[in-house]
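This report covers aromatic pairs and nonpolar cores. The sequence and structure come first.

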Amino acid sequence: MKQNLTLLPTRRVVLGTSLAAGAAVTLVACGSGKSADPIPSPTGTAYEATELSQLPVQGTTSVTVEGHNYLLYRPDETTVLAYTSVCTHQGCKVGTGDSTNFICPCHGSEFAKADGSVAQGPAEKALTRYATSIEGDKVKIYL
Ligand code: FES
């Protein structure tokens, strides 16, 4: 007697394949978590964060906007970068740090001022970035 042995995938096989494909996409999208997030597009509401004259080139400052604290870094004449000051390790307030890194006082994590990436742990995830613009002497942050 001859049997028809058509191999149809079971539901478990199909689901497992889908999860594996989804995991691969997630890994690609997230990377290691220590690397920098891209600078977001300037969408949302623009809030005045500081005056450009108060932030010299290579300068860093901490500002409060809408009740939340942010770190601003001006790498050159025409650019201001903005990051959350909430440490990605356990939520302490990250400080303005030294000439190259923001430093968290709680456990010593350091984040590169150039892009918010982790320069030293224990934090494993980069600081969240925010879009900014310079309008005259005003630095605006988009939240
Ligand atoms: S909370 Fe910032 S290093 Fe631990």
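At 0% relative accessibility, Phe102 counts as buried, a term for residues under 20% relative accessible area, with exposed over 50% and partly exposed in between (1.4 Å probe, protein chains only). The model is predicted: local features need pLDDT of at least 70, side-chain atom pairs count only at pLDDT 80 or more, and totals for chains, interfaces and linings use all residues. Residues are numbered from 1 along each chain as its sequence is written, and side-chain values use heavy atoms, leaving out hydrogens and water.

Tyr83 is also buried, with a relative accessible area of 0%. Among the residues that Tyr83 touches, beyond four places away in sequence, are Leu71, Phe102 and Leu127; contact means heavy atoms within 4.5 Å.

There are two aromatic pairs in the structure. Rings of Phe, Tyr and Trp (its six-membered ring) pair if their centres lie within 6.5 Å; planes under 30 degrees apart count as stacked, over 60 as edge-to-face and the rest as tilted.

| Pair | Centre to centre | Angle between planes | Class |
|---|---|---|---|
| Tyr70 and Tyr130 | 5.2 Å | 85° | edge-to-face |
| Tyr83 and Phe102 | 5.4 Å | 65° | edge-to-face |

Tyr83 in strand E4 and Phe102 in strand E5 (residues 101-103) are 19 residues apart. Strands are DSSP runs (E, at least two residues), numbered from the N terminus. Tyr70 is buried at 6% relative accessibility, whereas Tyr130 is partly exposed at 23%.

The largest nonpolar core has 12 residues, including Tyr83 and Phe102. Such a core is a set of buried Ala, Val, Leu, Ile, Met, Phe, Trp, Tyr and Cys residues joined through side-chain atoms within 4.5 Å. Another core, of 11 residues, lies apart from it and includes Tyr70.

Technical notes:
Helices (H or I, at least four residues) and strands (E, at least two) are DSSP runs, numbered from the N terminus.
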